[in-house]
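Work through the exercises below with the sequence and the coordinates open. Each task is followed by a solution in steps.

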Amino acid sequence: MESKSEFYTLKGYQINDNSELTSSMEDYLEMICRIRKKEEVVRISELAEKLNVKPSSASKMVNNLKLAGLVSFERYGYIKPTPKGEELGEYLLYRHKVLNDFLCLVNGTKDETEQVEKIEHFLSRETIENIKKFMDSVRGSAGS
């Protein structure tokens, strides 16, 4: 991994990140995929309720996800991830689980959702995979 000697504020790092998705977009897509694991369809009202936002806010964000090619959605209809959205959503659920498991181990707790939600957007795929490998090795050595 290349070392950088420059420091930025959090906002500076966010500006330098060329990601097309915002943290909020990731949160909405993750929740859409989470709901789809339990329900056949996802509605704006349910999405808004799960994320504790107004239906109008959820509708606006779903339209942003639609423009990004991550979901299909017709007004007053159902929200469905596209294949691209499904793939990314699966990763977002995986990332959440890896971080939750890690923080629960570190803190000796059963649920760290709040902390995970606050930090998950700032870690690279490489870091998530390394945390997963670390967790696997800890679990492996605990069983020995």
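Two residues are in contact when heavy atoms of theirs lie within 4.5 Å. The model used here is predicted.

**Exercise 1.** Determine which residues of helix 2 meet which residues of helix 4, and describe how the two helices pack.

Solution. 
- Step 1: On the side of helix 2, the residues are Ser24, Met25, Tyr28, Leu29 and Ile32; on the side of helix 4, they are Ser57, Ala58, Met61, Val62, Asn64 and Leu65.
- Step 2: Sorted by class, this contact holds eight nonpolar and three polar residues, with no charged ones.
- Step 3: The axes of helix 2 (residues 23–38) and helix 4 (residues 55–67) are 10 Å apart and form an angle of about 95°.
- Step 4: Angles of 65 to 115 degrees count as roughly perpendicular, so helix 2 is roughly perpendicular to helix 4.

**Exercise 2.** Check the span of helix 5 against its number of residues, and state what follows the helix.

Solution. 
- Step 1: Helix 5 covers residues 83–107, which is 25 residues.
- Step 2: The expected span is 1.5 Å times one less than the number of residues, so helix 5 should span 36 Å.
- Step 3: After helix 5 comes Gly108, with a positive phi near 65°.

**Exercise 3.** Are Asn100 and His96 buried or exposed, and what does each of them touch?

Solution. 
- Step 1: Asn100 has its place in helix 5, and His96 is found in helix 5 too.
- Step 2: Buried means under 20% relative accessible area. Asn100, at 12%, is therefore buried, and His96, at 9%, is therefore buried as well.
- Step 3: Leaving out residues up to four places away in sequence, Asn100 touches Lys110, Asp111, Glu112, Thr113 and Val116.
- Step 4: A polar atom of the Asn100 side chain lies 2.8 Å from the backbone nitrogen of Glu112.
- Step 5: With the same exclusion, His96 touches Glu30, Arg34, Thr113, Val116, Glu117 and Glu120.

Note on methods
Residues are numbered from 1 along each chain as its sequence is written. This is a predicted model: local features need pLDDT of at least 70, side-chain atom pairs count only at pLDDT 80 or more; totals for chains, interfaces and linings use all residues. Side-chain values use heavy atoms; hydrogens and water are left out. Axes are lines fitted to C-alpha atoms, for helices over the stretch in contact, and angles run from 0 to 180 degrees between N-to-C directions. Helices (H or I, at least four residues) and strands (E, at least two) are DSSP runs, numbered from the N terminus. Angles under 35 degrees count as roughly parallel, over 145 as roughly antiparallel, 65 to 115 as roughly perpendicular and the rest as oblique. Ala, Val, Leu, Ile, Met, Phe, Trp, Tyr, Cys and Pro count as nonpolar, Asp, Glu, Lys and Arg as charged, and the others, Gly among them, as polar. Buried means under 20% relative accessible area, exposed over 50%, partly exposed in between (1.4 Å probe, protein chains only). A polar contact is a pair of N or O atoms within 3.5 Å; within protein, one must be able to donate a hydrogen and the other to accept it, and residues adjacent in sequence count only if both atoms are side-chain atoms.
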